[in-house]
Amino acid sequence: MINGEMQLNAPIRWAMVGGGRSSQIGYIHRSAALRDSSFQLVAGAFDIDAEAGRQFGIRLGVAADRCYPDYKAMFEAEARRADGIRAVSVATPNGTHFEICKAALLAGLHVVCEKPLCFTTAEANALLALARQARKIVGVTYGYAGHQLIEQARQMIARGDLGEVRIVNMQFAHGFHSAAAEADNPSAKWRVDPKIAGPSYVLGDIGTHPLYLSEVMLPDLKIESLLCTRQSFIQSRAPLEDNAFTIMKYTSGAIGYVWSCAVNAGSMHGQKIRVIGSRASLEWWDERPNQLSYEVQGQPAQILERGMGYLHARAIEDDRIGAGHPEGLFEAWSNLYYRYALAIDATDRGDAQALREIRYPDIHAGIDGVRWVENCVRSADNGGIWVKYT
Ligand code: NAD
């Protein structure tokens, strides 16, 4: 059970790039990082508009002289301080992630970066090399992976409860962009501009979330080949897609499917993962994250509830309140930031053993997402053909 007790001797001095006043995702980063006293927000370059960022930072309680006009000024100035930042979160639009992460690693900082980590696997591998050289972590905020029942599914599958895994059926299919919402919404507008969003819209923006959940639940599953088709139902979004179907063949003989969609009219979020084995299936849906369906062929279906004693020990250690009370996305993100803090601490202490035991979306998760998008786009843009996974 997590109860807010400090895990480290002192909080990690932490900054943000992006996540300004009007951003979608800035607040959940701060809320998650600050909740368990492992991070302290001491600096920031919060906004593309320097003055707006400064004003916002001050309102967040950051000293005015540590609200910087941009990330370069922040990394330089903080490196000169004895009490400078040790970690930074990057919550800016996609097209800036590579340069900011690179600069942060070169400045000797641990990084938590938004997804997608960057645009190409070449860039992602360059960040991996830099992180190794600097001995720093790169966390990627696949936030749903912090829900406790994802861990429960991982443990049940490892124990063989499903039998042999045959099918992984995934979707993240919401309806919020069924019309051209980007016309009057700046947060939506950059998402359909390839210069800022990258080579895809829904594949990278949302499809990679359930993909990462599948990697957590099924760590041994490896994609051998895939076929993707993508569409732009709002034509002005082309060449970026607002819908995509991806079929994957795994080396084990299992098959997987991801539906990534922003035009699923009427759907609120629609992120689901169903893992189907020879004996039973598990299903998790992000709109009811405290429940996991467990269906054994020929038996009545069961709903496993978060926080209950019958769950695996690893699936209850992140609980913040007893069963029955709903936990949600903010708690899932807090669980990830809790682990980022432990991973930063273990890395700085050179404790490789402790580091190995902390499961969190790291740079490899970031690389996997970028690689998957690259393969999907290659398949789709060659006519929706099977491609070997490279
Ligand atoms: P947004 O457009 O709502 O906000 C972006 C923020 O970054 C704004 O405050 C803007 O002023 C600031 N900014 C832009 N360029 C900057 C720069 N160079 N330096 C400093 N600040 C800068 O975008 P958003 O929806 O919050 O998305 C940000 C990132 O988070 C994206 O990469 C997106 O894919 C990701 N995201 C992830 C999740 C998730 O579940 N993990 C959810 C939503 C968004």
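Is Trp-386 buried, partly exposed or exposed? In this predicted model, in which local features need pLDDT of at least 70, side-chain atom pairs count only at pLDDT 80 or more, and totals for chains, interfaces and linings use all residues, Trp-386 is partly exposed because its relative accessibility is 37%, where buried means under 20% relative accessible area, exposed over 50% and partly exposed in between, for a 1.4 Å probe and protein chains only. Residues are numbered from 1 along each chain as its sequence is written, and side-chain values use heavy atoms, with hydrogens and water left out.

Trp-386 is placed in strand E14, residues 386-388, strands (E, at least two residues) and helices (H or I, at least four) being DSSP runs numbered from the N terminus. Together with Ile-167, Ile-247 and Ile-255, Trp-386 forms a nonpolar surface patch that has about 300 Å² of accessible area. Such a patch is made of residues with over 30% relative accessible area and no salt bridge, nonpolar side chains (Val, Leu, Ile, Met, Phe, Trp, Tyr) being joined within 5 Å and like charges within 9 Å.

The largest pocket holds about 1,200 Å³ of space, and among its 46 lining residues Gln-24, Ile-25, Ser-187, Trp-190 and Arg-191 are the closest to its centre. A pocket is here an open set of points on a 1 Å grid over the protein atoms alone, where a 1.4 Å probe fits, with protein on both sides within 12 Å along at least five of seven lines, and lining residues have an atom within 4 Å of a point. The lining comprises 21 nonpolar, 19 polar and six charged residues, and at least two lining residues come from each of strand E1 (12-18) and helices H4 (97-106), H7 (186-189), H9 (202-217) and H11 (329-348).

The count of salt bridges, each a side-chain nitrogen of Lys or Arg within 4 Å of a carboxyl oxygen of Asp or Glu, comes to 26. In one of them, the closest N and O atoms of Asp-319 and Arg-306 are 3.1 Å apart; Asp-319 lies in the loop between helix H10 (313-316) and H11, and Arg-306 in the loop between strand E13 (302-305) and H10, so the pair ties together parts that are 13 residues apart in sequence. Asp-319 is buried at 4% relative accessibility, as is Arg-306 at 3%. Salt bridges with shared partners also join Asp-65, Arg-66, Glu-78, Arg-81 and Asp-83 into one network. Lys-195, which is exposed at 69%, pairs with Asp-193 at 3.7 Å between the closest N and O atoms.

Notes
Areas by Shrake-Rupley, 256 points an atom, 1.4 Å probe, with all protein chains shown as cover. Points joined across faces, edges and corners; volume = space filled by probe spheres on them. Nonpolar A, V, L, I, M, F, W, Y, C, P; charged D, E, K, R; others polar.
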